[in-house]
Amino acid sequence: MSSRCWRPDGACGPWAAALFLAVAAACRAPDPGRPILLLVSFDGWRADYTARADVPNIRALAERGVSADGLIPPFPPKTFPSHYTLVTGLRPVRHGIVSNTMVEPGFPDRFTLAAPTALDPRWWGGEPLWVTAVRQGRVSASMFWPGSEVPIGGVRPTYWKPYDDRFPNADRVRQVLEWLALPPVERPSFITLYFSDVDSAGHTDGPDSPEVLDAASRLDGLLGELVAGVGRLNLLDRTTIVLVSDHGMSQLDWDRTIFLDDYVDPSSLEVVEWSPVLGVIPRGDSVGAVYEQLKDRHPALAVYRREEIPAALHYRDSPRIPPIVGIADEGWTITTRDRLAAARASGRPPGGAHGYDPSHPSMHGLFVAAGPRLVSGARVPAFESVHLYEFLCAILGLRPASNDGDPAATRAFFAGEQAPSAAAGDTPMLFRATGNEPGWLLEIRAAEMTLLADYGERRLTVPTPAPETIPGGRRYVTQGLTATVLDTLCVDGMSGRPNPQTVTIVFDGRELSGCGGDPADLLQGAAWTVETIAGVRVASPPYPTLWFDEGGRVSGSTSCNRFTGVYAMTGEGVSLSNVASTRKACLPDLMDRERLFLDVLGRVHRFDIGPGGTLVLEAGDGRITARR
Ligand SMILES: [Zn+2]
């Protein structure tokens with residue numbers, strides 16, 4: 001049994017608690033091989049800048065690692081939605097940051113990048129990587145990243161800074177190196193670092209301008225300082241650097257302009273966003289009337305009702321998406337005649353913009369990664385950034401929260417791995433289990449099963465044997481590895497998260513125990529009938545209900561109205577977001593029950609299955625209990 005300890009506070013897991021005094025010294029000893037991950041974003045770096053600019057440090061990183069022809073952002077390819085997809089593996093409708101500017105029915109203020117309301121955790125769903133890391137006992141730090149200032153699920157990075165665009169770039173690098181120089185138990189395993197210069201130059205001067213290449217070259221110099229600093233700290237052999245951007249940039253032209261006021265009176269609309277994704281909420285007219293006024297009026301503007309937005313964009317299922325959305329063709333701007341006249345009068349060039357359909361290569365961003373476990377000198381085709389979270393979790397040896405990405409998409413980036421093939425990587429995951437102290441992960445697919453042990457440092461892949469049926473479960477026996485899976489509730493000792501299966505692995509003369517299966521299975525299936533809300537028993541019908549479907553949606557009755565929302569499994573349990581209800585009036589006591597129910601429901605961050613199969617949804621200061 002390993003005696004290494006990976007908890008930053010020096011505390012060990014339950015297995016060691018009884019022996020704490022005896023092993024305390026060993027637990028405080030640093031783990032010499034614990035991986036470090038630096039995630040660096042060069043905002044707005046279009047994929048082709050790397051070949052055009054003078055960037056020797058990025059080229060050197062690519063030569064000793066993996067680089068992609070492009071990193072395909074989610075829709076809309078804008079800074080906040082895209083950065084938050086990078087660290088959650090969720091598409092914007094599932095993580096909740098569907099745009100840089102948003103309104104939510106029932107929230108008093110709109111979400112904008114500059115306003116304090118953006119710090120309200122109710123906007124931020126899912127589980128960003130720094131929360132995954134902290135919940136699994138790691139130290140994490142953020143030298144800026146969208147969301148890093150917000151207590152998401154009550155958790156922030158261990159070290160973080162309030163965003164300040166004027167904070168000098170060289171000081172950002174210096175701060176990261178200071179964190180890495182901390183004593184091992186305080187040193188972060190995961191650090192984000194963010195620079196906006198290339199995005200700013202692209203907006204002001206356009207993607208083809210020399211100013212963009214100058215900014216790119218300056219950021220490349222900072223990357224060089226970062227790598228040199230990690231080397232001086234003797235940490236290069238355990239550090240993986242992943243360099244990304246959130247989107248590309250498209251050149252604008254005054255002649256490619258769509259005038260909203262040619263088709264509709266802008267004052268009759270609440271324009272949530274202008275361009276290149278137009279989001280409007282009619283003030284007086286019906287959605288249908290405004291839709292008819294805008295649809296098919298300009299050849300470079302596609303107009304949709306929210307529920308008709310093309311499925312490939314994954315951009316329908318959120319009440320934060322306005323009821324009418326227009327998407328401009330690449331390089332076009334949506335504005336009014338007055339606004340264009342003012343822009344031209346300013347004397348500025350038209351510059352660049354992003355936010356167009358992510359299938360345009362101009363929207364593709366940057367991906368270069370190098371580290372001890374990655375292949376060197378590999379160039380791979382463009383891939384979707386939604387897969388990055390799984391990749392980053394694999395580098396750190398963390399178990400990922402539920403997400404929209406696929407670990408097979410980046411499997412070939414790891415040295416000693418086979419490229420995903422139809423036989424292995426593309427077959428769906430049948431079963432996954434994890435355990436702690438030391439961290440391990442088992443994945444079973446139809447063709448083969450893989451065990452990652454010792455925080456990902458040891459790996460065993462074997463053909464999947466036919467399972468033997470045993471009382472209460474099944475067992476996989478193969479050379480060097482036995483996995484026993486019992487259908488009994490299992491609570492993860494570190495996160496407290498319930499799982500449907502209890503798993504024991506025998507490997508390398510060791511017995512590892514942990515939990516397996518999809519925790520969502522415990523929620524899905526038959527509908528739940530609510531019994532108590534915030535300590536108050538629901539005394540009389542109609543009882544509120546909850547139904548968790550397999551597509552990540554939760555729905556039911558509040559006692560008064562129907563409601564729907566989105567749920568996501570997290571490392572701690574479950575989070576619910578985008579909860580919205582119909583607006584029928586009811587008797588006052590039912591209205592009160594509804595208000596309380598929706599308030600508690602929207603803040604749920606973990607769940608338990610209690611005695612007798614009771615579902616307990618925990619919201620911190622209140623809970624909902626329900627039974628089938
Ligand atoms: Zn951006």
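These legends describe close-up views of one predicted model.

Residue numbers start at 1 and follow each chain as its sequence is written. In this predicted model, local features need pLDDT of at least 70 and side-chain atom pairs count only at pLDDT 80 or more, while totals for chains, interfaces and linings use all residues.

**Figure 1. Confidence along the chain.**
The protein chain has a mean pLDDT of 89. Here pLDDT is the predictor's confidence in each residue, from 0 to 100. A value of 70 or more is reached by 93% of the residues. Residues 1–32 have a pLDDT below 50. Beyond near neighbours in sequence, this stretch has 39 contacts in the model. Two residues are in contact if their C-beta atoms, placed from the backbone, lie within 7 Å. Residues 418–426 stay under 50 as well. The model gives residues 418–426 14 contacts beyond four places in sequence.

**Figure 2. Helix α4 and its buried side.**
Helices (H or I, at least four residues) and strands (E, at least two) are DSSP runs, numbered from the N terminus. Helix α4 spans residues 56–63, and its residues Ile 58, Leu 61 and Ala 62 are buried. They sit on the same side of α4, because their arc around the axis is only 100°. That arc is taken from the directions from the helix axis to the C-beta atoms. A residue is buried if 20 or more other C-beta atoms lie within 10 Å of its own, exposed if 12 or fewer, and partly exposed in between; C-beta atoms are placed from the backbone. Exposed Pro 56 and Glu 63 are on the face turned away from the buried side of α4. The packing partners of the buried residues are α3 (49–52), β2 (66–68), α10 (210–232), β7 (239–244) and β16 (367–370).

**Figure 3. The crossing of α4 and α10.**
The axes of α4 and α10 come within 7 Å and cross at roughly 55°. Axes are lines fitted to C-alpha atoms, for helices over the stretch in contact, and angles run from 0 to 180 degrees between N-to-C directions. The two helices, α4 and α10, are therefore oblique to each other. Angles under 35 degrees count as roughly parallel, over 145 as roughly antiparallel, 65 to 115 as roughly perpendicular and the rest as oblique. From α4, Pro 56, Asn 57 and Ile 58 meet Asp 220, Leu 223, Gly 224 and Val 227 of α10.

**Figure 4**
The open sheet runs β10-β11-β13-β12, with antiparallel pairing. Two strands pair if DSSP finds at least two bridges between them. β10 (269–273) and β12 (301–305) are the edge strands, each pairing on one side only. From one strand to the next, the twist averages 25°. Five bridges join β12 to β13 (residues 324–328) in the antiparallel sense. Tyr 304 has Val 325 in β13 as its bridge partner. Helix α11 (residues 287–294) lies across β10, β11 (277–282), β12 and β13, at about 20° to β13. In the loop between β10 and β11 sits Pro 276. The peptide bond from Ser 275 to Pro 276 is cis, with omega near -5°.

**Figure 5. Strand β32 and its two partners.**
Side chains alternate along β32 (residues 545–548). β32 pairs with β30 (residues 528–533) over two antiparallel bridges. Four residues separate β32 and β33 in a hairpin, and Gly 552 in the turn has a positive phi of about 85°.

**Figure 6. Two loop residues with positive phi.**
Most residues other than glycine have a negative phi, and most peptide bonds are trans. Phe 144 is not a glycine, yet has a positive phi of about 80°. Phe 144 lies in the loop between β4 (140–143) and β5 (159–160). Phe 144 counts as buried because 23 C-beta neighbours lie inside 10 Å. Asp 508 also has a positive phi, about 60°. Asp 508 lies in the loop between β28 (501–507) and β29 (510–516). With 13 other C-beta atoms within 10 Å, Asp 508 is partly exposed.
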